[in-house]
Amino acid sequence: MTHIKYTEQTTIAATGNTFVTEAFRQVEPDALCAYPITPQTTIVEKFAQLVADGDVATEYVCTESEHSAMTATIGAAAAGGRAYTATSAQGLAHMWEELYIASGLRLPIVMANVNRALSAPINIHGDHSDIMGARDTGWVMILAESPQEAYDNTIISTPVSEDLLLPVMSCLDGFITSHSIMRGDVAADATVKEFVGEYSPRDSLMFGEPRTVGPFANLGPTYMKVKKAQRDAMDRGLEVIKRVGDQWAEITGRSYDHVECWGMEDAERAIVVMGSAAGNARAVARSLREGGEKVGVVKIRTYRPFPLADVGAALAHVKAVAVLDRAETFSTLAGPLAKDTIAALFNAGVTVPVRNYIYGLGGNDVKLEQMYQVFDDLTKVDGDGIATSVNMTPRYLGIGPCSYEL
Amino acid sequence: MATPIKELALVPERLIGGHRLCGGCGASIAVRQVMMGAGPDADVVCGVATSCLQVSTTIYPFSSWKCSYMHNAFENVAANIAGVEAVYKGMKRAGKIDPDREIKFLAIGGDGGTYDIGLQALSGAAERGHDMVYVCYDNGAYMNTGIQRSSATPKGSWATTSEVGAIRPGKSTARKDLTSIMAAHHIPYVAQASVGYWKDLVSKAEKAFATEGFAFLNILAPCPRGWRHGLDQTTIVGRSAVDTGFWPLFEVENGDWKMTMPAKTRQGLKPVTEFLEMQGRFKHLFKPGNEHLLVEAQEDVDAYYAYLKERCGEA
């Protein structure tokens, strides 16, 4: 494989995984410890080729499991190097214990997660089941809609993680984003190197005085103080991500917002969504707008920390909200993004009807008809008697006859 | 190869006193002797799996470790130190570490963290050939959590999850032969040692640290609490394990199997009952009606010893 050596921002057509690998190559971490899993595989395959060609100095460790992949990444980060990894689905679930150790030890780590369904039944396609299981593990989570965003988010992740001393997950949807080719712009290698800068770890097993990392905090309030410090770092996250995102925007011309709004200036009905399905929602909203309907779309890009105020502000003037969840959490409450959105609405003092939809599980087609149906449903709840309720029971899209024909 | 004891005595302690391990703990003796093998000037980064050794030596805000130390979790110390070694290689290649600097990477786990839950990470790190030393301190049960059986627990032993009762005489299956399993990885150096024979142990640790690539040491480390013997009996029990053939000393260097048993055992092994009767965990075997269990124990030792002699070309 040959890869392009960029001298300036260059437009290419490539898959999301290629864009992520380009970000990995340009940052050139000191270690990449990973285990192959569909649909992440092409990231580690492409990286293995870079290693084989001598194009990166990175030590590539192809571990025997994702548990060891995250463990070795943690070891590498604690040792004082830049440490990256990538996974999907069962791999992320297999890392679960280590996700908490990475964040609890306050290690700056970057992981690309190619979002995929969790077994059982086994299914290799895209949804958010895997990342929703990791949403409370103390990781910053940024979701891409497109290959371009996957690239930008991955590059932004390094300075963010090193500033906050928190691990960062750069997430893209399996197959839809990871394996679809789209055009996008890639910065020059030197630009990226300068943007992420030389890394000097705060603590290290290899440099300076000997360190004891990971002691036994079994007595008194130490454990709780550590958790509070993690919380404080996460609270600082929105500001830091925005600042780093803005710096990257100055170089690339591509803006970063935690929450991206379309048509929300005067929208009466809104869809809240994350990841690749945002495009479908926007396409339908655009077509409804042409018919004079006041609809809009709110896309969440920063998921952890959750941009509570931004979501609340985006939805401050709507009459009804539909939240689309690409994961089922079996809580008998609404889906995870819906619960977060409801918290944002409550926090902003916005009392409008909220409907929740589960869509696209296991890569189930996300069709435009579904978006039309959702916007249509919202016409039935805004302003009528049922309007004020928050319905915590989600409706499933795409598993039966669709009531709305395109 | 072996460094004189006068010089070993000058090797600075990397695990210092003040830790909370029990009196007579075999683990701390094992660590001390292993660290002697690293030599006085080595730059050591050490990882320890969740274990007595871990919880007793790093009670926040204190640490007994004079070298850099890391604890991650129970089942993954091999992968954790593999990651440290990997980033060292990457940073050296990138010119971020002085090319003359050499760091020794050491991973330590108990038998639970090695034979059982940590076996996969250990096997993976060995196969990938990380330049590191893995030490298993084998005390034959999950001592840290209260003497539950592991796959290193000997047949016939009492443990709190292989209880002795009216119809069951302790653990019914043989312990896993982890040292042979590691030798089957065809890594450059594998050895079995006991804290009862310090000179043999230190010399094996020296070889392990001098090895380029993955080295594995399986060290018998008696536990007075779990084995039910006196605090002052640790090294005596550790010697008896060797003298009776219960825990033979051997090494596999680049595929070459070699017995390293003390010369006195050339005259024959002592009966295994000598080792068993020192410990409360085997006391039920000596009760009337259990004679056949003692016979079986001796047969198992003889069979394993014959297997080893064959591997070592001494049969």
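# Exercises on a two-chain model

In β2(B), B:Tyr69 is the bridge partner of A:Thr212. This is a predicted model, where local features need pLDDT of at least 70, side-chain atom pairs count only at pLDDT 80 or more, and totals for chains, interfaces and linings use all residues. Residues are numbered from 1 along each chain as its sequence is written, while chains are lettered from A and ligands numbered from 1 in the order in which they are written.

**Exercise 1. Find how many bridges join β9 of chain A to β2(B), and their direction.**

Step 1. Recall the terms. Strands (E, at least two residues) and helices (H or I, at least four) are DSSP runs, numbered from the N terminus. Two strands pair if DSSP finds at least two bridges between them.
Step 2. Look at β9, residues 212-213 of chain A. Two bridges join this strand to β2(B), and the two run parallel.

**Exercise 2. Describe the side of chain B that touches chain A.**

Step 1. Count the residues. Contact means C-beta atoms, placed from the backbone, within 7 Å. Chain B gives 37 residues and chain A gives 36.
Step 2. Name the elements. Those of chain B that give two or more residues are α3 (52-57), β2 (68-70), α4 (77-93) and α6 (119-128).
Step 3. Find the largest share. It comes from α4(B), with 13 residues.
Step 4. Sort by class. Ala, Val, Leu, Ile, Met, Phe, Trp, Tyr, Cys and Pro are nonpolar, Asp, Glu, Lys and Arg charged, and the others, Gly among them, polar. This side of chain B has 20 nonpolar, 13 polar and four charged residues.

**Exercise 3. Work out how α3(A) packs on α5(A).**

Step 1. Take the angle and the distance. Helix α3 (residues 66-79) and helix α5 (residues 96-104) of chain A pack at about 10 degrees, with axes 9 Å apart.
Step 2. Classify the angle. Angles under 35 degrees count as roughly parallel, over 145 as roughly antiparallel, 65 to 115 as roughly perpendicular and the rest as oblique. So α3(A) is roughly parallel to α5(A).
Step 3. List the contact. α3(A) brings A:His67, A:Met70, A:Thr71 and A:Ile74. α5(A) brings A:Glu98, A:Leu99, A:Ile101 and A:Ala102.
Step 4. Sort this contact. It has five nonpolar, two polar and one charged residues.

**Exercise 4. Is α10 of chain B mostly covered or mostly uncovered?**

Step 1. Apply the cut-offs. A residue is buried with 20 or more other C-beta atoms within 10 Å of its own, exposed with 12 or fewer, and partly exposed in between; C-beta atoms are placed from the backbone.
Step 2. Count. Seven of the ten residues of α10 (234-243) are buried, which leaves the helix mostly covered. Among them are B:Val237 and B:Ala241.
Step 3. Find the cover. It includes α2 (26-38) and β5 (189-194) of chain B.

Methods. Contact = placed C-beta atoms within 7 Å. Axes fitted to C-alpha atoms, helices over the stretch in contact; angles between N-to-C directions.
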